[in-house]
Amino acid sequence: MYKNTFPNKRYKHTIAFLKDVVPNSDTKILDLGVRNPFVEYMEREGYTVQNTSGEDLDLDTRIVQHANYDVVTAFEIFEHLLSPFTILRDIKGNRIVASVPLRLWFSTAYKSKTDPWDRHYHEFEDWQFDWLFEKAGWIIKKREKFTNPVKKFGIRPLLRKFTPRYYLIYAERIS
């Protein structure tokens, strides 16, 4: 049986980044994607979080077209979309914090063996993710890459100790 391990390092790194760029804990966040364990981290820090409801964000962007939130967060969601440009363009808010797993030269794109929806259409390089945001009308104010080593033996786990796996950005809408 598969044991689901809680990604503590990634969550701690992401919450520290969020608190740095969105320090006001009274902030209302629209988190793209269904409710997940990271939302609890944000709520413990005082953020008010509303998640999307599982709608196909490639086809239905109505949820982001209303400005009843202060910040949009999108943690590991854009790699699952066919066209992340569409939702980025349609966001009515002015601030976004987002992350993606980076494309690794030594590992193929992620594809779940049990869940047909849990697949990566994109695995970005940092410059591609930056370009996506710029083309959609955003300016990146802060960016950060970090590793997420696994406790396994082998050449790929060794490479993961030194190769950045995740990319976080904070961006603001270009006026």
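Trainee: What makes the pair Arg35 and Glu43 a salt bridge?

Mentor: A salt bridge is defined as a side-chain nitrogen of Lys or Arg within 4 Å of a carboxyl oxygen of Asp or Glu. In Arg35 and Glu43 the closest N and O atoms are 2.7 Å apart, so the pair meets that definition. As background, side chains of opposite charge can pair when their charged atoms come close. Please keep in mind that this is a predicted model, in which local features need pLDDT of at least 70 and side-chain atom pairs count only at pLDDT 80 or more, while totals for chains, interfaces and linings use all residues. Residues are numbered from 1 along each chain as its sequence is written, and side-chain values use heavy atoms, with hydrogens and water left out.

Trainee: Why is Arg35 called partly exposed?

Mentor: The word buried stands for under 20% relative accessible area, exposed for over 50%, and partly exposed for what lies in between, with a 1.4 Å probe and protein chains only. Arg35 has 48% relative accessibility and therefore counts as partly exposed, and Glu43, at 31%, counts as partly exposed too.

Trainee: Which other salt bridges can I look at, and how many does a search of the whole structure find?

Mentor: The search finds eight salt bridges. Among them is the one in which the side chains of Asp60 and Arg62 meet, at 2.8 Å from N to O; Arg62 has a relative accessible area of 57% and is therefore exposed. Another joins Arg89 with Asp90, where the closest N and O atoms are 3.3 Å apart. In that pair Arg89 is partly exposed because its relative accessible area is 42%, whereas Asp90 is buried because its value is 13%.

Trainee: How do you know whether Thr86 is buried or exposed?

Mentor: Thr86 has 18% relative accessibility, so it counts as buried. Its place is in helix α3, residues 84-90, where a helix is a DSSP run of H or I with at least four residues, a strand is a run of E with at least two, and both are numbered from the N terminus. Leaving aside neighbours within four places in sequence, Thr86 is in contact (heavy atoms within 4.5 Å) with Asp58 and Thr61.

Trainee: What makes Met42 a buried residue, and which residues does Met42 contact?

Mentor: Met42, found in helix α2 (residues 37-44), has a relative accessible area of 0% and is therefore buried. Apart from neighbours within four places in sequence, the contacts of Met42 include Ile15, Leu18, Ile29, Tyr47 and Phe75. Met42 and Leu18 are 24 residues apart in sequence, and their C-alpha atoms are 8.7 Å apart in space.

Trainee: Why are β2 and β5 called edge strands?

Mentor: Six strands form an open sheet with mixed pairing, in the order β2-β1-β3-β4-β6-β5. The strands β2 (48-51) and β5 (138-146) each pair on one side only, and they are the edge strands. Helix α4 (residues 126-135) packs on this sheet, touching β4, β5 and β6.

Trainee: How do you know that the buried residues of α4 lie on the same side?

Mentor: The buried residues in α4 are Phe129, Asp130, Leu132 and Phe133. They cover an arc of only 155° around the axis, which puts them on the same side of α4; the arc is that of the directions from the helix axis to the C-beta atoms. What covers these buried residues includes α3, β4, β5 and β6.

Trainee: What share of the protein chain is buried?

Mentor: Buried residues make up 45% of the 175 residues in the protein chain, which has five helices and six strands.

Methods:
Pairing = 2+ DSSP bridges. Axes fitted to C-alpha atoms, helices over the stretch in contact; angles between N-to-C directions.
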